[in-house]
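Trainee: I have a new structure open and would like to go through it with you. Could you take my questions one at a time?

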Amino acid sequence: MTIINFITYFFLIIIFLRKINACSFTPEYELEIFNGLPPGSPPLTFRCASKDNDLGYHTLNVNQTYQWTFCQNFFRNTLYFCNFQWGSKHQGFEVFNSKRSKDCDGGLCFWLAKSDGIYFKSYTSNLVKKFDWQ
Ligand SMILES: *[C@@H]1O[C@H](CO)[C@@H](O)[C@H](O)[C@H]1NC(C)=O
């Protein structure tokens with residue numbers, strides 16, 4: 001094998017490892033977004049994506065939930081970012097980052113949209129407000 005071939009294979013393997021969802025190596029996470037906004041208010045719309053996975057646009061009415069499950073990639077640098085819109089208000093942030101995977105204790109990252117901001121809890125942690133609407 002020439003050095004050029006070796007380098008090519010090396011990078012192909014790296015690219016492959018970056019793409020696979022390594023459920024055999026890392027625990028599975030459940031991410032949930034819940035619309036806890038006041039009755040009669042505009043729906044919550046959002047778009048979430050990671051580097052490899054665009055979940056597209058979603059609309060939640062009051063008391064509706066959206067969830068997905070995933071595993072971190074092989075290199076444990078998975079990052080999901082969401083942009084939220086509620087009427088004229090908006091906010092965007094990382095809903096999951098491998099660097100802070102401990103936040104999603106027990107494998108649950110639960111985000112709750114309320115009128116005064118966006119709250120977070122895991123399976124074991126208490127509900128805390130993380131972001132104000134902008
Ligand atoms: C949402 O759920 C709360 C608590 O269960 C309930 O009081 C409220 O009426 C519900 N609102 C709608 C629009 O379903």
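Trainee: Are C48 and C82 buried or exposed?

Mentor: Both C48 and C82 are buried, where buried means under 20% relative accessible area, exposed means over 50%, and partly exposed lies in between, with a 1.4 Å probe and protein chains only. Before we go on, keep in mind that this is a predicted model, in which local features need pLDDT of at least 70 and side-chain atom pairs count only at pLDDT 80 or more, while totals for chains, interfaces and linings use all residues. Residues are numbered from 1 along each chain as its sequence is written, and side-chain values use heavy atoms, with hydrogens and water left out.

Trainee: What joins C48 to C82?

Mentor: A disulfide joins them, with 2.0 Å from S to S; the term stands for a pair of cysteine sulfur atoms within 2.5 Å. The torsion about the S-S bond of C48 and C82 is about 110 degrees, so this disulfide is right-handed. Because C48 lies in strand β2 (residues 44-49) and C82 in strand β5 (residues 79-86), the pair ties together parts that are 34 residues apart in sequence. Strands here are DSSP runs of E with at least two residues, helices are runs of H or I with at least four residues, and both are numbered from the N terminus.

Trainee: And how many disulfides does the structure hold?

Mentor: It holds 2 disulfides. C104 counts as buried at 4% relative accessibility, and C109 counts as buried at 0%.

Trainee: Back to β5, then. Which strand do 8 bridges join it to?

Mentor: The bridges join β5 to strand β6 (residues 89-97), and the two run antiparallel; strands are said to pair if DSSP finds at least two bridges between them. Within this pairing, F81 stands opposite E94 in β6. The hairpin of β5 and β6 has 2 residues between the strands, and G87 takes a positive phi near 60 degrees there.

Trainee: E94 has a charged side chain, I think. Which residues are linked with E94 in a network of salt bridges?

Mentor: E94 is linked with R100 and D103 in that network. A salt bridge is a side-chain nitrogen of Lys or Arg within 4 Å of a carboxyl oxygen of Asp or Glu, and by this rule the count comes to 5 salt bridges.

Trainee: What about K129, which residue forms a salt bridge with it at 3.9 Å?

Mentor: That residue is D116, and the 3.9 Å is the distance between the closest N and O atoms. The pair links distant parts of the chain, as D116 sits in the loop between β7 (108-114) and β8 (117-121) and K129 in strand β9 (residues 128-131), 13 residues apart. D116 is partly exposed with a relative accessible area of 36%, and K129 counts as partly exposed at 38%. K129 also meets the side chain of D132 in a salt bridge, at 2.7 Å from N to O, and D132 is partly exposed at 45%.

Trainee: Where do β7, β8 and β9 come in the order of the open sheet?

Mentor: The open sheet has 5 strands in the order β4-β1-β7-β8-β9, with mixed pairing. β4 (65-71) and β9 stand at the edges with a single partner strand each, so one side of each is left without a neighbour in the sheet. The twist averages 25 degrees from one strand to the next, based on axes that are lines fitted to C-alpha atoms, for helices over the stretch in contact, with angles from 0 to 180 degrees between N-to-C directions.

Trainee: How many bridges join β1 to β4?

Mentor: There are 7 bridges between strand β1 (residues 28-35) and β4, which run antiparallel. As one example, the bridge partner of E32 is Q67 in β4.

Trainee: Changing topic, where is I15 found, and how exposed is I15?

Mentor: I15 is found in helix α1 (residues 3-19), and at 47% relative accessibility it counts as partly exposed.
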